[in-house]
Amino acid sequence: MKLIWNSVLLALYVSPLIVLSEAAPALNETCSRPAEVVFLIDSSRSIWPPDYTKELDFVQSLIKEFDVSPSATRVAAITFSEGFREEFGLGTYPSADPMLLSVANIPFAAGGTTDTHTALDGALQLLQRDARGGVPRIVIGITDGE
């Protein structure tokens, strides 16, 4: 089966030596162009709990840069290890504030292997099912790659 991605994939690899929780300079405006954004968050056993917290902090910092609303940017989150779990879908939250609280409370599974391919499959399924037509589709993967 040939899969065609009409999206942009940005994969970020984290390691225990990289500090993602340092504050980045604030932008003067949020990204207001419509988009569908899916975060893939590594929740495998190779991630240490403090680094998992850094992953969630990083996701929250990016969400704050978007104009989250039903007509602008919609965001989804998927955690993965052995398989994937959709934490929340596109359009679940009408604004950033309840979404940020939800991200802060995504549990750390400390699952087995890092099955990144299943997370990508989950993102593809989610986007095919729920994405709006004519809107950019962006997948941001956060993993240590192990």
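Predicted model: local features only at pLDDT ≥ 70, side-chain atom pairs only at ≥ 80, totals over all residues.

Visitor: What pattern do the helices and strands follow along the sequence?
Guide: The protein chain has three helices and five strands. Reading along the sequence, you get the pattern β-β-α-β-β-α-α-β.

Visitor: What share of the residues counts as buried?
Guide: The cut-off here is under 20% relative accessible area. Out of 146 residues in the protein chain, the share that counts as buried is 44%.

Visitor: Are helix 1 and helix 2 roughly parallel or antiparallel?
Guide: Their axes, for residues 49-63 and 96-104, come within 9 Å and cross at roughly 170°. Angles over 145 degrees count as roughly antiparallel. Helix 1 and helix 2 are therefore roughly antiparallel.

Visitor: Which residues make that contact on the helix 2 side?
Guide: Helix 1 brings Leu 56, Val 59, Gln 60 and Ile 63. The contact residues of the two helices split into eight nonpolar, one polar and no charged. On the helix 2 side, they are Ala 96, Met 99, Leu 100, Val 103 and Ala 104.

Visitor: Is Val 75 buried or exposed?
Guide: Val 75 sits in strand 3. Leaving out residues up to four places away in sequence, Val 75 touches a set including Val 37, Phe 39, Ile 63 and Met 99. Because its relative accessibility is 1%, Val 75 counts as buried.

Visitor: How far apart are the C-alpha atoms of Val 75 and Met 99?
Guide: Met 99 is among the residues that Val 75 touches. Along the chain the two are 24 residues apart, yet their C-alpha atoms are separated by 8.5 Å.

Visitor: What span does helix 3 reach from its first C-alpha to its last?
Guide: Helix 3 covers residues 116-130, which is 15 residues. At 1.5 Å a residue, 21 Å is expected, and the model comes close to that, reaching 21 Å.

Visitor: Which strands do the buried residues of helix 3 pack against?
Guide: The buried set in helix 3 is Thr 118, Ala 119, Gly 122, Ala 123, Leu 124, Leu 126 and Leu 127. Those buried residues pack against strand 2, strand 3, strand 4 and strand 5.

Visitor: Which residues is Thr 118 in contact with, neighbours within four places aside?
Guide: Thr 118 lies in helix 3. It counts as buried because its relative accessibility is 16%. With neighbours within four places set aside, its contacts are Ser 81, Gly 83 and Phe 84.

Visitor: Is Asp 121 buried or partly exposed?
Guide: Asp 121 is also found in helix 3. Its C-alpha is 8.9 Å from that of Phe 84, 37 residues away along the chain. Its relative accessible area is 35%, so Asp 121 is partly exposed.

Visitor: What phi does Ala 110 have?
Guide: Ala 110 lies in the loop between helix 2 and helix 3, and at 40% relative accessibility it counts as partly exposed. Most residues other than glycine have a negative phi. Ala 110 is not a glycine, but its phi is positive, at about 50°.

Notes: Residues numbered from 1 in each chain as written. Heavy atoms only, no water. Helix = DSSP H or I, 4+ residues; strand = E, 2+ residues; numbered from the N terminus. Expected span 1.5 Å × (residues − 1). Buried < 20%, exposed > 50% of the residue type's maximum accessible area, 1.4 Å probe, protein only. Contact = heavy atoms within 4.5 Å. Axes fitted to C-alpha atoms, helices over the stretch in contact; angles between N-to-C directions. Parallel < 35°, antiparallel > 145°, perpendicular 65-115°, else oblique. Nonpolar A, V, L, I, M, F, W, Y, C, P; charged D, E, K, R; others polar.
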